[in-house]
Amino acid sequence: MSRKSVKLSDIAKKAGVSTVTVSNALAGRKGVSEELRSRIMETARECGYDMARYEKKEKPQETIGILVSDRYMRIGVSFYWEMYQKVAFCLSRHGMYSALEILTKEEEMAAKPSLPRCLESGKADQLIIIGRIGKSYLERIMQKAEERTVLLDFRDPDYNCSAVLSNNGIGMYRATQYLIDHGHQNIGFVGTPEVSRNIQDRFYGYLKCLDDNKLQLQPEWILKDRRAEDERETGITLPGTMPTAFACSSDYGAAILADALEQRGLRIPTDISLTSYDDYLYGNPLGKKLTTFHVDMEKMALKAVQAVIQNRTEPGCRPKVQFVDSLLVERESVAAPRVQ
């Protein structure tokens, strides 16, 4: 059989597979195991098939899907929008494209959720999910692409995939300790732990710091800043007896607290000191004076992209959960407590 006369159907017949499978195997498309691909390519060579068109063809740039719930894009200036930009830039630096998909509430809460369109269409082979999404939707993704998914800024121990998080507990411990080091012993907390595991971890860091310093927890000083079910702002009702300082679970919560303090005629830091977490409060005057812990989004994005690359280059590798430390940014929202 001459080289020119060899057809894909000839290779398929000899290999015992369909012509479509041969075409996919030679072109390097998905859906063909490496073992079968190797066998088909060997058969093609044995038949004298001209492999030049495949061997010279450059591998196209890989596209990585990035999934974010739309509720995270609507809360103030979006922390996760900037996180997405960091990830997209990092992917580009590593020769990959990004495909952003915004998950609507209806899609997220559907009784029978479908896969993200970027995965369903085959446009993207791997997925980075930024921020926690509904359990049923996450379960649907994990059924089909657990080994090809990386979680960013959250994790779920029920699934065996890599995750990258800010070191929330340690960061909030340090934010609380910073207040203690400036003389405060009556310290409240602002945040709604039911909203997410990140806020829970920050709350536990606050509690741990109080315990380590033998300071008593006052339940009336735990102030919720939003509703757990949809993360909308609730406003803050201040207690009758105030602490001298608050450790806030986010700059967003600190801004809500600042409004409540202003309404009562209390000044920051003269009357009440604040520390916070995120270093993300653009457009609010408090952002310029708030002592907070900066979430290193660039490092988190890099580690997420590295996890994607490892999933591609080392199939079956053991997933890793990685924590990125936050960085103290000292401004002007903390002072020694006033002498009563």
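**Aromatic ring pairs: close-up views**

**View 1. A cluster of aromatic rings.** Tyr-72, Phe-79, Tyr-80, Tyr-280 and Tyr-282 are joined into a cluster by ring pairs. The model shown here is predicted. Counting ring pairs with centres within 6.5 Å gives 9 aromatic pairs.

**View 2. The pair formed by Phe-79 and Tyr-280.** The two ring centres are 5.6 Å apart, and the ring planes of Phe-79 and Tyr-280 stand at 80 degrees. Planes over 60 degrees apart count as edge-to-face, so this pair is edge-to-face. Phe-79 belongs to helix H5 (residues 79–93), while Tyr-280 sits in the loop between strand S9 (273–278) and strand S10 (291–294).

**View 3. Burial of Phe-79 and Tyr-280.** Are these two residues buried or exposed? Phe-79 has a relative accessible area of 16%, and Tyr-280 has one of 10%. Buried means under 20%, so Phe-79 is buried and Tyr-280 is buried.

**View 4. The pair formed by Phe-189 and Phe-203.** Here the ring centres of Phe-189 and Phe-203 lie 5.1 Å apart, with the planes at 55 degrees, so the pair is tilted. Phe-189 is part of strand S6 (residues 187–190) and Phe-203 is part of helix H10 (residues 197–212), so the pair ties together parts that are 14 residues apart in sequence.

**View 5. Burial of Phe-189 and Phe-203.** Phe-189 has 0% relative accessibility and counts as buried. Phe-203 is also buried, at a relative accessible area of 15%.

Notes: Residues are numbered from 1 along each chain as its sequence is written. This is a predicted model: local features need pLDDT of at least 70, side-chain atom pairs count only at pLDDT 80 or more; totals for chains, interfaces and linings use all residues. Side-chain values use heavy atoms; hydrogens and water are left out. Rings of Phe, Tyr and Trp (its six-membered ring) pair if their centres lie within 6.5 Å; planes under 30 degrees apart count as stacked, over 60 as edge-to-face and the rest as tilted. Helices (H or I, at least four residues) and strands (E, at least two) are DSSP runs, numbered from the N terminus. Buried means under 20% relative accessible area, exposed over 50%, partly exposed in between (1.4 Å probe, protein chains only).
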